[in-house]
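Subject: Structure handover

Hello,

I am passing on a structure that you have not worked with before. Please look through it first; my notes on it follow below.

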Amino acid sequence: MLLTIDAASSVPLFEQLAAGIRSHIVTGTVSAGQRLPAARELAESLDVNVHTVLHAYQLLRDEGFVDLRRGRGAVVTSRAHDYVQLMRDIDRVVQEARRLELTPGALGALIREAYQ
């Protein structure tokens, strides 16, 4: 699993990291039941603080992509792959929103309205 982060980006490092891992899960590069690298190892390889990695793992846990267990680390859940079709649908919606020149804020408002 190849992950990159951009220290100069305005997007927080933990969000970049979570997005990279999420992408690997959704595309099937990382499969259900597979363990993610230990937080300390991943932090060292990316030259970031271990708390940054833990924050990303916690975000992915809250989203249902990984299960965090003491002694087992972060393990990709089987539920995570249920998001594959949803992500494809989201990509199509975003492409259509761009075609219509809809702002991200307006698209978000439409999604929030539809979600309620």
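The accessible surface of the protein is about 7900 Å², and carbon and sulfur atoms account for 51% of that surface. Please keep in mind that this is a predicted model, and that the values below are computed from it.

Overall layout

The protein has 116 residues, 30% of which are buried. Five helices and two strands are present, and from the N terminus they follow the order α-α-α-β-β-α-α. Along the principal axes, the C-alpha atoms occupy a box of roughly 45 × 35 × 25 Å. Of the contacts between residues at least 6 apart in sequence, 48% connect residues that are at least 24 apart.

Helices H2 and H3

H2 covers residues 39–46 and H3 covers residues 50–63. The two pack with their axes 8 Å apart, at an angle of about 120°. On the H2 side the contact is made by Ala39, Arg40, Leu42 and Ala43, and on the H3 side by Val50, Val53, Leu54 and Tyr57. Sorted by class, seven of these residues are nonpolar, one is charged and none is polar.

Two single residues

Gln16 sits in helix H1, which spans residues 13–26. Is Gln16 buried or exposed? Its relative accessibility is 13%, and the cut-off for buried is under 20%, so Gln16 counts as buried. Apart from neighbours within four places in sequence, Gln16 touches Ile5, Asp6, Ser9 and Val11.

His81 lies in the loop that runs between strand E2 (73–76) and helix H4 (83–99). With a relative accessible area of 25%, His81 falls between the limits of 20% and 50% and is therefore partly exposed. Which residues are in contact with His81, once its neighbours within four places in sequence are left aside? They are Ile25, Gly28, Val30, Ser31, Ala32 and Val76. Ser45 is 36 residues away from His81 in sequence, and the C-alpha atoms of the two are 26 Å apart in space.

Regards

Key: Residues numbered from 1 in each chain as written. Predicted model: local features only at pLDDT ≥ 70, side-chain atom pairs only at ≥ 80, totals over all residues. Heavy atoms only, no water. Axes fitted to C-alpha atoms, helices over the stretch in contact; angles between N-to-C directions. Helix = DSSP H or I, 4+ residues; strand = E, 2+ residues; numbered from the N terminus. Contact = heavy atoms within 4.5 Å. Nonpolar A, V, L, I, M, F, W, Y, C, P; charged D, E, K, R; others polar. Buried < 20%, exposed > 50% of the residue type's maximum accessible area, 1.4 Å probe, protein only. Areas by Shrake-Rupley, 256 points an atom, 1.4 Å probe, with all protein chains shown as cover.
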